Amino acid sequence: MSAQSLPNRPMNANSSQPDPPLQVFSIDSGEPRGALAADPPLHPTDEFLAELARDSLSLESATPQEILKWSVERFAPKFTMATAFGPEGMTILYMLSEIAPDTPVFNLDTGYQFKETLELRETVKKRYGIEVEYKLPDTTVAEYEAMHGGPLYATNPNQCCFDRKLRPLHGAAKGQHAWASAIRRDQSPDRAKAPIVGWDKKFQLVKVSPLANWSKKDVWDLILKNDIPYNPLHDQGFPSVGCQPCTRATQQGEDERAGRWSGFQKTECGLHSS
Ligand code: SF4
């Protein structure tokens with residue numbers, strides 16, 4: 001079944017009563033993850049964490065391009081990025097195409113993405129020559145829904161995100177030293193605490209957020225000025241686009257991520273929360 005043909009979540013989305021907090025899932029394999037599994041490994045020693053904190057502070061007034069250049073010089077070829085082709089991700093891809101087009105970039109293809117999102121991957125390839133690699137879960141949508149007696153996004157989106165996004169991302173992060181994230185501090189209270197450079201405890205590697213100090217306007221100014229391709233759904237009331245069943249258009253005055261997992265006590269897929 002394609003994401004486009006999936007029904008919207010049948011329950012909760014329009015309920016005035018939010019569901020109780022969702023179960024939290026985490027990788028607990030006991031095996032080294034992320035940069036700890038790299039060759040050579042990076043370990044979050046006190047000295048290294050202090051060095052990252054100093055670097056982060058010194059990059060506070062740097063431009064996103066300067067932060068990306070610093071990241072590539074410091075961590076390539078073990079520097080990577082995951083993108084869902086949002087406006088911020090498209091902005092970073094544009095910058096990377098000028099700074100380091102060989103940077104490996106991944107998309108977590110849950111099987112539930114909008115066709116408009118998948119088409120952007122092709123546009124990026126044509127426009128920038130950057131081939132964004134799909135990282136897939138270990139089951140197809142049909143297999144996964146058969147295993148669970150239906151779509152889990154309707155009842156347990158945390159497990160669905162864990163199985164279809166976080167597990168593949170843990171696989172992609174394994175052996176890398178650092179990854180770029182497209183988060184902005186003004187997107188949510190969770191994201192407001194993000195350093196420019198810090199240790200990502202969940203994935204066990206360095207996380208660089210070149211757009212942390214940018215506003216939505218900064219991102220869109222760059223997109224429009226440079227004709228950077230973007231998801232057409234943004235022009236149809238979807239400021240933030242995730243998987244089709246878990247994304248709705250937002251109303252005027254709503255938070256830009258209000259359309260994600262609407263009706264659940266969930267605001268993040270887990271990539272950017274600690
Ligand atoms: S966003 Fe929704 S469909 Fe996508 S992985 Fe998470 S719960 Fe599943």
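In the predicted model, the buried residues of helix H4 pack against helix H3, which spans residues 87-99. The buried positions of H4 include Thr117, Leu120 and Val124, and, seen down the helix axis, the buried residues fall within an arc of 45 degrees, so that they line one face of the helix. Just after H4, Gly129 adopts a positive phi of about 70 degrees.

Among the contacts in the chain with a separation of 6 or more, 78% are accounted for by residues 24 or more positions apart.

Helix H2, formed by residues 64-75, has 12 residues and reaches 16 Å from its first C-alpha to its last, close to the 16 Å expected at 1.5 Å a residue. Within H2, Pro64, Ile67, Leu68, Ser71 and Phe75 are buried; these residues cover an arc of only 100 degrees around the axis, which puts them on the same side of the helix. The buried residues of H2 pack against several elements, namely strand S1 (79-82), helix H3, strand S4 (178-180) and strand S6 (205-208).

The largest nonpolar core contains 54 residues, of which Ile92, Leu93, Ala178, Trp179, Leu205, Val206 and Val208 touch the most other members. Helix H6, residues 157-173, gives the most to this core, with 7 residues. For Leu205, when residues up to four places away in sequence are not counted, the residues touched are Gly34, Ala35, Ala173, Gln176, His177, Ala178, Trp179 and Asp200.

Most residues other than glycine have a negative phi, and most peptide bonds are trans. The peptide bond from Asp39 to Pro40 is cis, with omega near 0 degrees, and Pro40 lies in the segment before helix H1 (46-58). A cis peptide bond also joins Ala76 and Pro77, with omega at about 10 degrees, and Pro77 has its place in the loop between H2 and S1.

Positive phi values at residues that are not glycine were found at Phe85, with about 65 degrees, and at Gln204, with about 60 degrees. Phe85 is located in the loop between S1 and H3 and is buried, because 25 other C-beta atoms lie within 10 Å. Gln204, in the loop between strand S5 (197-200) and S6, has 23 C-beta neighbours inside 10 Å and therefore counts as buried.

Gly237, in the segment after helix H7 (216-225), has 12 C-beta neighbours inside 10 Å and therefore counts as exposed. Leaving aside neighbours within four places in sequence, Gly237 is in contact with Ala249 and Thr250. Gly237 and Glu256, which are 19 residues apart in sequence, are separated in space by 9.9 Å, C-alpha to C-alpha.

Around the ligand there are 13 residues, of which Pro157, Cys160, Cys161, Cys243 and Cys246 come nearest. The residues of this shell divide into 9 nonpolar, 2 polar and 2 charged.

Terms used: Residues are numbered from 1 along each chain as its sequence is written. This is a predicted model: local features need pLDDT of at least 70, side-chain atom pairs count only at pLDDT 80 or more; totals for chains, interfaces and linings use all residues. A residue is near a molecule or strand if its C-beta atom, placed from the backbone, lies within 6 Å of it. Ala, Val, Leu, Ile, Met, Phe, Trp, Tyr, Cys and Pro count as nonpolar, Asp, Glu, Lys and Arg as charged, and the others, Gly among them, as polar. A residue is buried if 20 or more other C-beta atoms lie within 10 Å of its own, exposed if 12 or fewer, and partly exposed in between; C-beta atoms are placed from the backbone. Helices (H or I, at least four residues) and strands (E, at least two) are DSSP runs, numbered from the N terminus. The arc is that of the directions from the helix axis to the C-beta atoms. Two residues are in contact if their C-beta atoms, placed from the backbone, lie within 7 Å. A nonpolar core is a set of buried Ala, Val, Leu, Ile, Met, Phe, Trp, Tyr and Cys residues joined through C-beta atoms within 7 Å. The expected span of a helix is 1.5 Å times one less than its number of residues.
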